[in-house]
Amino acid sequence: MPSESNHIATSRASWPVRVFRFYRDGFRSMTVGRTLWIIIGIKLFIFFVILRWIFFPDFLSTKGSSDQEKAQYVREQMTGRK
C-alpha cells in the first residue's frame with residue numbers, strides 16, 4: 001500500500017512543510033495556477049518596489065551628505081538637543 005505509507009510520511013512532516021505542499025499541489029493541479037502566480041508576483045513587485053519609491057523617499061539624504069551628519073540629525077531629533 002504505497003498510498004498509505006505516503007500518507008504516514010506526510011502526516012509526520014512539520015506543519016510548514018504540510019502547508020507548503022498543500023499550496024504547491026493545489027496550484028500544480030490548477031489550469032490557471034501559473035497565471036495566478038504571475039499576477040501575485042506583479043502585485044508584490046508593485047507593493048514593495050514601486051510604492052516604496054512613491055511613499056517612502058530617502059528623507060535623510062536631504063539632511064546630510066555623510067553618515068555622521070545623518071546620524072547627528074537623527075540624534076538631535078530623538079533627544080531634542082543640539
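**Helices, confidence and surface**

Tutor: Just after α4, G80 takes a positive phi of about 80°. This is a predicted model, where local features need pLDDT of at least 70, side-chain atom pairs count only at pLDDT 80 or more, and totals for chains, interfaces and linings use all residues. Residues are numbered from 1 along each chain as its sequence is written, and side-chain values use heavy atoms, with hydrogens and water left out.

Student: What pattern does the protein follow along the sequence?

Tutor: Helices here are DSSP runs of H or I with at least four residues, strands are E runs of at least two, and both are numbered from the N terminus. The protein has 4 helices and 0 strands. Read in order, that gives α-α-α-α.

Student: Where is confidence lowest in the protein?

Tutor: Confidence means pLDDT, the predictor's score for each residue, from 0 to 100. The protein averages 81, and 85% of the residues score at least 70. The highest mean, 90, belongs to α4, while the lowest, 59, falls in helix α1 (residues 2-12).

Student: Which residue forms a salt bridge with D25?

Tutor: A salt bridge needs a side-chain nitrogen of Lys or Arg within 4 Å of a carboxyl oxygen of Asp or Glu, and a search of the whole structure finds 1. With the closest N and O atoms 3.3 Å apart, the partner of D25 is R24.
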